[in-house]
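Morning, everyone. I'll take you through the packing and the pockets of one model. Please have a look at it first.

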Amino acid sequence: MTKSATPAYQAQQWWHTDIIDMRPGEIRYRGYPIEELIGNVGFADMVWLMTRGELPNRPQAALLETALMSAVDHGPQAPSIAIARMAMTCGGSLNNAMASAVNVLDDVHGGAGEQAVELYQSILEYQAGGYTLEIAVQEGITTWQRERTKIIPGFGHRFHPVDPRGPRLLQLVEEAAERGEVAGHFVAIAREIERQLIAMKGKPIPLNIDGATAVIYAELGFPAPLARGLFCLSRSVGILAHAWEQQCQGGRNKGPLPKGWLWPYAGPAPRPVPPRA
């Protein structure tokens, strides 16, 4: 029997990973021993290392951290946060509440960052083909609305006239670009999208948290799908905080509406069940 045919060899090859190497008394992430990482790198560094394969430099880690910390919470009016709190009042555990909440971070609630990165990257491709920034954004918006949806991801907010997180994040990216830490292509694209949307709509359609963090993730070279994963990681902090607070507050079987509030009913008028043959 060859080595490759032995059960022990086949068992060892069942999972294959470049992320972690481990044996008794030894743990290495991407080749780095855990005892050297501890105390020398932060959480954002580890996120980068685990997803990208190498440690970031300090400016990269700092910019990633701003994106991660800026999106941790948006209150119980956000479906994910509300679900976490409701889960706790149903007798769930913290991990169940977090899992329930993260599971709704999907295309509509949680997916705009990934979609914004896709849009930005498509516009950059137009620029690489020789289009000016203005024309590239026009083409990008037109193509997006024709092939995907009329909604431009990362812009506008149903609650904030101006999302207070967006301008600050773009300022930090522009400062990083001035220092040569990032190229600045995507912050320029976001600014131009915002300008054109205002011209098209005749009213402010400002950048929101999804569009702003997408600028950072794109500038740092993260693939679009990871933008959604990073948002889930970020929002998990707020989800945990709200779930814990709800557990401490108590309460049983809280639904999405306060007690005594009923939904509008628009179905048939009251009627008897007819005789059945």
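Start with the inside. The largest nonpolar core holds 48 residues, and L64, Y120, F155 and I193 have the most contacts inside it. By nonpolar core I mean a set of buried Ala, Val, Leu, Ile, Met, Phe, Trp, Tyr and Cys residues joined through side-chain atoms within 4.5 Å. Buried is under 20% relative accessible area, exposed is over 50%, and partly exposed is in between, with a 1.4 Å probe and protein chains only.

Which elements give two or more residues to this core? They are α3 (43-52), α4 (58-70), α7 (112-128), α8 (133-147), α9 (165-178), α10 (185-201), α11 (209-219) and α12 (224-249). The largest share, seven residues, comes from α11. Helices are DSSP runs (H or I, at least four residues), numbered from the N terminus.

A word on the source. This is a predicted model: local features need pLDDT of at least 70, side-chain atom pairs count only at pLDDT 80 or more, and totals for chains, interfaces and linings use all residues. Residues are numbered from 1 along each chain as its sequence is written, and side-chain values use heavy atoms, with hydrogens and water left out.

Now L64. Leaving aside residues up to four places away in sequence, L64 touches A44, V47, W48, Y217, L220, F222 and L230. Contact here means heavy atoms within 4.5 Å. L64 is one of the buried residues of α4, along with A61, L63, T66, A67, L68 and S70. Among the elements covering them are α3, α9, α11 and α12.

Of its 25 lining residues, V108, H109, A112, N208 and D210 are the closest to its centre. A pocket is an open set of points on a 1 Å grid over the protein atoms alone, where a 1.4 Å probe fits, with protein on both sides within 12 Å along at least five of seven lines; lining residues have an atom within 4 Å of a point. Volume is the space filled by probe spheres set on the points.

α7, α11 and α12 each supply at least two residues of that lining. By class, it has ten nonpolar, ten polar and five charged residues.

The second largest pocket has about 280 Å³ of space. Its lining includes P76, R85, Q246 and K254. Helix α5 (residues 79-89) gives the largest share, four residues.

How values were computed: Ala, Val, Leu, Ile, Met, Phe, Trp, Tyr, Cys and Pro count as nonpolar, Asp, Glu, Lys and Arg as charged, and the others, Gly among them, as polar.
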